[in-house]
Structure formats: C-alpha cells, structure tokens
Amino acid sequence: MSTDADAIRHWWRTSIIEMEPGKIAFRGTPIEELIGNVSFPQMIWLMVRGGTPSEAEARLFEAALVAGVDHGPQAPSIAAARMASTCGLGLNNAIATGVNMLGDVHGGAGEQCAELYYDISRRLDEGTVLINAVQEGLDNWRSEYGKIVSGFGHRFHKPTDPRAPRLMALVRAAASEGTVSGRYADIGEAVQAELGRARGTPIAMNIDGATAVIFCELGFPSPLSRGLFCLSRSVGILAHSWEQMNQGGRNKGPMPPRFLPEYDPEDHSE
C-alpha cells in the first residue's frame, strides 16, 4: 500500500540525479567519477539526454555551443542584460533578464529550423527524393510560420554569416569520419540552395541553420536546440553583464538620453 512518504518521494521523481547525505550520482555515475574526467559539453549531454558522447561527438557539440555565445550589445538579450546591470541587479538577475529575451524571434530560430530539417528527413524516409522533400517541407513550414524561413539569411551578415561555413565544415569532417551521418548537412544545404533558387539570389545559412544541422546530426529533439542555445548565449550574457558592472553607469536605457523617441500622435498601436 502506498504511504505518504512514497507519495512525497514520487512527487519530484527523477532519473537525472540520486542524492542523499554523502552521495551524489548523475544518471547512475557518482559525481567523483565525473569530476576531472568529463568535459562540460559531455556533462551537458549526460544531464540533458543521458549517456556519454564520444570524444568526436563532444567536439562537434562543443563547436555549436561555442559559436552561439555572443552577438554584441545590439542583440536584444545582451542589451537587456546590460541595462539590467545598470539598474543595480546582481549577475544572476542580469543573466535571467537576458535569457528571458530569447523567444520565438530572437533565440527560437534554431528550434524552428530543426523542426524543418526533421520534417524533411521524415519525408526522405517515406521515399521522397531530396529536392521534392525540401520543397514540400518548405511549403509546410510557410503554411505554419510564414515566408521567413528560420536559419537562413541575416540582417547583418551578408552575404555570409562567418560562423556557418566553419560549423558546416566541421560537420562534413565529422561525417567523413563516421561520427555523424551527414544527412542533415545535406538537408540544410539543399534548403539553402532551394531558397536561393526561389529568390533568384544566394542566401546565407546563418548560425541557427548551422547549429540546427549539428543538433539534428547528434540526435537532439528540436526543442532542445533552443535550450542549448540559451546555455550558449548565457556565456555572452554573463560576460557583458560583468563588463557593464565594471564600466559603471546607472539606469542606462536603450539609447543615450540626449536622443528621445519620436512622438507620433497618430500611433494607435497600443
């Protein structure tokens, strides 16, 4: 018969950690065996999905994490964290402020792109040839999200996002060594080519498109593309928050005080 104690223990049941006085084990492995023996990317992998990646898988995973750490104060997440720092908040509050800016538009593109890649991959499994799978996948994408395809194009980096070619080269190298299949690299590049063909000019794959390739190649579910990007970008958010604290400044808003927002009496958007 179930007791109150059983019900309480069952309330927050977890397969991630076993913890009791004098014991900490993550997914069955004592913490003392992990400390000094696994890298931080390997630890993220273990915690999020279980198992331990190979050294080659961990290097590719780490490359994606490194690529997304920062994009400067013009990025809303970084700007918000820096503004929070000038309001007297601590580092944890500033980091939370920045991470909370990572939504569907700024921060969610990797998840959306991974959804597209997985949809195309399913169509390939059903026997559709790549070009048709890409076109059908893009049609399905646009019916749900609109004309802008996440993972491609960039408002600053034209014609090339410098992060994407490097990441894709690492994926191709990993595929040649048998670390990953290369299927999602093919899909990503086919999407890029089809988008360029349809618009009549080449379009860049951006970091979201490239990291989505890596996360799909490594078998992460699409929602984790966003979560992993949040982990990555938290590094830049921390760095900028700390820098701003050391620079000083109080109540810094989004623009210097000598510049004022334009008053538009005909604006009835709110």
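Visitor: How does the lining of the largest cavity divide by class into nonpolar, polar and charged residues?
Guide: This is a predicted model. The lining of its largest cavity is made up of A64, G68, G110, I207, D208, T211, F215, S225, L228, F229 and S232. By class, the lining has five nonpolar, five polar and one charged residues.

Visitor: Which elements give two or more residues to the lining of the largest cavity?
Guide: The lining includes I207, D208, T211 and F215, and also S225, L228, F229 and S232. Two helices give two or more residues to the lining, namely α11 (207-217) and α12 (222-247).

Visitor: How many cavities of 30 Å³ or more are there, and what volume has the largest?
Guide: The count of cavities of 30 Å³ or more comes to one. The volume of the largest cavity is about 70 Å³.

Visitor: Is S232 buried or exposed?
Guide: S232 sits in helix α12, and it is among the residues lining the largest cavity. The cut-off for buried is under 20% relative accessible area. Because S232 has 4% relative accessibility, it counts as buried.

Visitor: Which backbone oxygen lies 3.4 Å from a polar atom of the side chain of S232?
Guide: Leaving aside neighbours within four places in sequence, S232 is in contact with A64, L65, G68 and V69. Two of these, A64 and G68, also line the largest cavity. The backbone oxygen at 3.4 Å from the S232 side chain belongs to G68.

Visitor: Which residues does Q112 touch, not counting those up to four places away in sequence?
Guide: Q112 is placed in helix α7 (residues 109-125). At 10% relative accessibility, Q112 counts as buried. Beyond four places in sequence, Q112 touches D104, W141, Y145, S150 and R226.

Visitor: Which residues lie nearest the centre of the largest pocket?
Guide: The largest pocket holds about 880 Å³ of space. Elements that give two or more residues to its lining are α7, α8 (130-145), α10 (183-199), α11 and α12. The lining has 31 residues, and those nearest the centre are A109, I148, F152, G153 and N206.

Visitor: How many residues in the lining of the largest pocket are charged?
Guide: Asp, Glu, Lys and Arg count as charged. The lining also has 14 nonpolar and nine polar residues. The number of charged residues in the lining of the largest pocket is eight.

Visitor: Which helix gives the largest share of the lining of the second largest pocket?
Guide: The second largest pocket has a volume of about 210 Å³. It is lined by 13 residues, and M83, Q244, K252, G253 and P254 are the closest to its centre. By class, the lining divides into seven nonpolar, four polar and two charged residues. The largest share, three residues, comes from helix α5 (residues 76-85), so the helix asked for is α5.

Visitor: How far apart in sequence are the parts that E243 and R82 tie together?
Guide: The closest N and O atoms of the E243 and R82 salt bridge are 2.6 Å apart. E243 lies in helix α12 and R82 in helix α5, so the pair joins parts separated by 161 residues.

Visitor: What separates R122 and D119 along helix α7?
Guide: The side chains of R122 and D119 meet in a salt bridge at 3.8 Å, N to O. R122 counts as partly exposed at 47% relative accessibility, whereas D119 counts as buried at 12%. Because R122 and D119 are three residues apart in helix α7, the separation is about one helical turn.

Visitor: Which residues are linked with D119 and R122 in a network of salt bridges?
Guide: Side chains of opposite charge can pair when their charged atoms come close. The network that holds D119 and R122 also includes R123 and E136.

Visitor: Which helices hold R172 and D186?
Guide: R172 forms a salt bridge with D186, with the closest N and O atoms 2.9 Å apart. The pair ties together parts 14 residues apart in sequence, because R172 lies in helix α9 (residues 163-176) and D186 in helix α10.

Key. Residues numbered from 1 in each chain as written. Predicted model: local features only at pLDDT ≥ 70, side-chain atom pairs only at ≥ 80, totals over all residues. Heavy atoms only, no water. 1 Å grid on protein atoms, 1.4 Å probe; cavity = no way out; pocket = protein on both sides within 12 Å on 5 of 7 lines; lining within 4 Å. Points joined across faces, edges and corners; volume = space filled by probe spheres on them. Helix = DSSP H or I, 4+ residues; strand = E, 2+ residues; numbered from the N terminus. Buried < 20%, exposed > 50% of the residue type's maximum accessible area, 1.4 Å probe, protein only. Contact = heavy atoms within 4.5 Å. Polar contact = N/O pair within 3.5 Å; in protein donor to acceptor, adjacent residues only side chain to side chain. Salt bridge = Lys/Arg side-chain N within 4 Å of Asp/Glu carboxyl O.
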